[in-house]
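Here is a short report on one protein model.

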Amino acid sequence: MTGLFEIYQKSLLAGILTAISTAIMGVHVVFRRMAFFGDAIAHVAFAAAAIGVILGFSSFFSAVVLSVLVSLLLGKLSRKSVSEDAAIGVLFSLTMAVGIVLFSVAKKQRSLTAYLFGDVLTVTKSDLLHLSIVTGIVILFNVVFRDALIHFTFDEDFTRLMHPKIDVVYQLFLAILAISVVVGVRTVGVILVSAFLIIPASTATMSFKDYRWAFIFAPLISSISVVLGLFLSLVIDAPPGALTVLIQGVMFFTALFVRR
């Protein structure tokens, strides 16, 4: 009984940390209309983890390094003549195929399943340490640069005049976003991490006119969803990640209809 309590205690902490980091970054993603971007990074993390497994490196750090590099590349492409949607679409399919092939060649079907669907019930102390560090970085980054990044979203030219280093801040944002997604993949998987990024942030941004409230409300409703999802998983014996996303979806449509 004590062992089960410890497992759910770690899962709850991991889920809440994932909810906070992805929801806060998700508000920027929603405002900048980058929903597909987060999905692409999750798939890059999947392929990078497979490369790490094949080469005998840490799958976590290989995923972090490659995901950050690709996110910066996509950020550059979005400012060139190359269609961002087309580039992400190609990357999305390609990295998924690479990951599946490499995990299959390495006979690591269990790792493949863990990365696709996540498993919040198997998080380790090392995972919790990574999640805590990333969540701290996300909060600190937003305390310092939140307003400048929001202004940059709606008026790039004016923000460049007011903040000459805003392009550096934007590159930093892309790198932190990529790391948040990679860490989230460990907890909820490639398929569901984009839901953690988008649904709570979308619910919050359409519920408040003042964007500052969205940065408080999004992580709050995402954390409540995690608590309810874990509780329901005990009651009906279903995956907590999927239940959490279902609850987030109910909150989104409730807010949508109440708003109308």
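## Salt bridges

The predicted model has three salt bridges, each a side-chain nitrogen of Lys or Arg within 4 Å of a carboxyl oxygen of Asp or Glu. Side chains of opposite charge can pair when their charged atoms come close. Arginine 146 pairs with aspartate 147, with 3.1 Å between the closest N and O atoms. Aspartate 147 is partly exposed, at 31% relative accessible area. Here buried means under 20%, exposed over 50%, and partly exposed in between (1.4 Å probe, protein chains only).

Arginine 160 and aspartate 167 form a salt bridge, 3.1 Å from N to O. Arginine 160 is partly exposed, at 29% relative accessibility. Aspartate 167 is also partly exposed, at 31%. Arginine 212 bridges to aspartate 210, the closest N and O atoms being 3.0 Å apart. Relative accessible area is 45% for arginine 212 and 28% for aspartate 210.

## Helix α9 and its ends

Aspartate 210 has another contact at the start of α9: a side-chain oxygen lies within 2.9 Å of the backbone nitrogen of arginine 212. Helices are DSSP runs (H or I, at least four residues), and strands are E runs of at least two, numbered from the N terminus.

Helix α9 covers residues 211-236, 26 residues in number. The expected span is 1.5 Å times one less than the number of residues. Just after α9, aspartate 237 has a positive phi of about 55°.

## Nonpolar patch

A nonpolar surface patch of about 830 Å² includes Ile51, Leu66 and Val98. Patch residues have over 30% relative accessible area and no salt bridge; nonpolar side chains (Val, Leu, Ile, Met, Phe, Trp, Tyr) are joined within 5 Å, like charges within 9 Å. Areas come from the Shrake-Rupley method with a 1.4 Å probe, and for residues only the protein chains shown count as cover.

Helices α2 (35-55), α3 (59-77) and α4 (84-105) each give two or more residues. α4 gives the most, with four. Valine 101 sits in α4 and is partly exposed, at 48%.

## Annotated spans

The unreviewed UniProt entry lists "transmembrane region" at spans including 127-145 and 213-236. Such annotations may be inferred rather than shown by experiment; feature names are shortened and positions follow the numbering used here. Residues 127-145 are 100% helix, with end C-alpha atoms 27 Å apart. Residues 213-236 are also 100% helix, with ends 34 Å apart.

## Basis

Residues are numbered from 1 along each chain as its sequence is written. Local features need pLDDT of at least 70 and side-chain atom pairs 80 or more, while totals for chains, interfaces and linings use all residues; side-chain values use heavy atoms, without hydrogens or water.

Note on methods
Polar contact = N/O pair within 3.5 Å; in protein donor to acceptor, adjacent residues only side chain to side chain.
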